[in-house]
Amino acid sequence: MSRFRKEGKKETPELNMGSMSDIIFMFLFFFMVITTMREASLKVHLKVPSATEIQKLEKKSLVANIYIGKPISKNENTLPPGEVSVQLNDQTVKAEDLKKDVREFIGTEKESRSMEDRDRLTFSLKVDKDVQMRYVNTIKQELRTNNALKINYAAGKRNKN
Amino acid sequence: MSKRKTPGLNTGAMSDISFLLLTFFLLTSSINTEQGIPRKLPPPKQENTEDKIVDINKRNVLNVLVNFRDEISVNGDVIMIGDLKGKAKEFFANPNNDPSLPEKVSKPIDGIGDFPVSKGVVSLTNDQGTSYNMYVQVQNELQRAVNELRDETSLQYFGKKYEGLDSAAQRAINTAVPMSISEAPPIDYGSNGAN
């Protein structure tokens with residue numbers, strides 16, 4: 001009587017994989033939301049130096065970035081003698097406008113923060129490691145004359161040897 | 001049999017694809033923590049005030065000079081980057097009260113009491129042709145010297161490392177072991193040679 005006998009091999013029921021992808025998509029969106037892409041697309045090659053004694057900056061909203069490095073495309077504005085570009089927001093700066101642009105950059109960055117945050121605003125210098133100090137010194141001088149005194153030399157973490 | 005069952009879509013591969021996307025995003029995007037070596041620039045020069053030349057005793061100054069070939073000299077001796085921390089530490093700490101190293105002034109500090117604070121100042125001069133990497137390395141080594149001294153002082157007075165202290169105690173340690181770097185205006189010897 002085949003009625004009570006088990007019929008051959010019983011197939012294991014297939015797992016429903018459909019909801020699996022939903023879960024993974026949720027993960028994906030979660031990560032896409034919490035991680036931040038760089039707000040400005042980089043116009044310069046940037047490989048920051050590494051250091052051991054780095055500190056984390058307190059708040060990302062209180063940081064304004066200044067990028068200095070070799071331009072990625074040939075059409076970017078450079079500082080003489082034409083090897084290094086300074087990028088503020090998402091534009092490289094013309095050599096003759098450098099002072100004006102840095103001043104305006106500091107002004108707009110300060111204005112977009114509330115009063116009590118202005119003194120805590122940090123200007124992070126993201127400078128390629130092969131850049132000569134002359135460009136960094138120029139920017140530092142401009143920051144200083146415009147009373148933007150909190151700066152940060154961006155650096156990656158390196159372990160103590 | 002009238003109706004044929006439609007075959008179920010195999011959605012197993014879908015999750016593979018979304019996994020791939022997930023790993024892609026994990027690798028490319030970064031939870032971008034801003035990190036680096038924080039520094040304070042000196043306030044801008046006032047137009048109408050003359051530069052005050054502060055007379056600092058020679059023993060209180062450690063002259064660190066980085067040239068356009070990224071060579072470092074400390075008080076005239078050429079050293080390697082690895083030796084800078086030791087030199088700076090010795091300079092700031094001056095454990096044996098050597099007369100050629102900086103003097104100390106006893107200051108009352110909250111939470112510590114009287115502490116001999118070093119009057120030493122590192123004078124850092126770089127060339128316009130110095131690479132930024134070397135500049136950061138020098139700043140890093142100087143910071144490391146101070147951090148190690150802060151840790152030692154902190155262990156001695158609070159029994160903990162500097163990082164584990166509360167902010168009031170950290171401030172006390174900062175006063176006891178100040179980070180005093182003064183940056184001289186850069187020189188431009190190597191402008192022809194380096195480009």
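In this predicted model, the contact between the two chains takes 45 residues from chain B and 48 residues from chain A. On the side of chain B that touches chain A, the elements giving two or more residues are α1 (12–28), β1 (35–40) and α3 of chain B. Of these, α3(B) gives the most, with 10 residues. By residue class, this side of chain B divides into 18 nonpolar, 22 polar and five charged residues.

Strand pairing also links the chains. Strand β7 (residues 150–154) of chain A and β1(B) run antiparallel and are joined by five bridges. Within this pairing, K150(A) has K40(B) in β1(B) as its bridge partner.

With its neighbours within four places in sequence left aside, L125(A) is in contact with I66(A), I68(A), V136(A), I139(A), I151(A), N152(A), Y153(A) and A154(A).

Strand β3 (residues 63–69) of chain A has five of its seven residues buried, so it is largely enclosed by the rest of the structure. Strand β6 (residues 122–127) of chain A pairs with β3(A) in the parallel sense over six bridges, and V63(A) stands opposite T122(A) there. The pairing of β3(A) with strand β4 (residues 85–88) of chain A is antiparallel, with four bridges; here G69(A) stands opposite S85(A).

Attention now turns to the fold of chain B. This chain has five helices and eight strands, which run from the N terminus as α-β-β-β-β-α-β-β-β-α-α-β-α. Of its 195 residues, 25% count as buried. Among contacts in chain B with a separation of 6 or more, 67% are accounted for by residues 24 or more positions apart.

Five strands of chain B form an open sheet of mixed pairing, in the order β4-β3-β2-β7-β8. Its edge strands are β4 (77–79) and β8 (181–183) of chain B, each of which pairs on one side only. From one strand to the next, the twist averages 30°. Strand β3 (residues 72–74) of chain B pairs with β4(B) in the antiparallel sense over three bridges, and V74(B) stands opposite D77(B).

Helices pack on this sheet. Helix α2 (residues 81–93) of chain B touches β2 (61–66), β3, β4 and β7 (121–126) of chain B, and its direction makes about 20° with that of β3(B). Helix α3(B) lies across β2, β3, β7 and β8 of chain B and runs at about 155° to β2(B).

Methods: Residues are numbered from 1 along each chain as its sequence is written. Chains are lettered from A and ligands numbered from 1 in the order in which they are written. This is a predicted model: local features need pLDDT of at least 70, side-chain atom pairs count only at pLDDT 80 or more; totals for chains, interfaces and linings use all residues. Two residues are in contact if their C-beta atoms, placed from the backbone, lie within 7 Å. A residue is buried if 20 or more other C-beta atoms lie within 10 Å of its own, exposed if 12 or fewer, and partly exposed in between; C-beta atoms are placed from the backbone. Two strands pair if DSSP finds at least two bridges between them. Ala, Val, Leu, Ile, Met, Phe, Trp, Tyr, Cys and Pro count as nonpolar, Asp, Glu, Lys and Arg as charged, and the others, Gly among them, as polar. Axes are lines fitted to C-alpha atoms, for helices over the stretch in contact, and angles run from 0 to 180 degrees between N-to-C directions.
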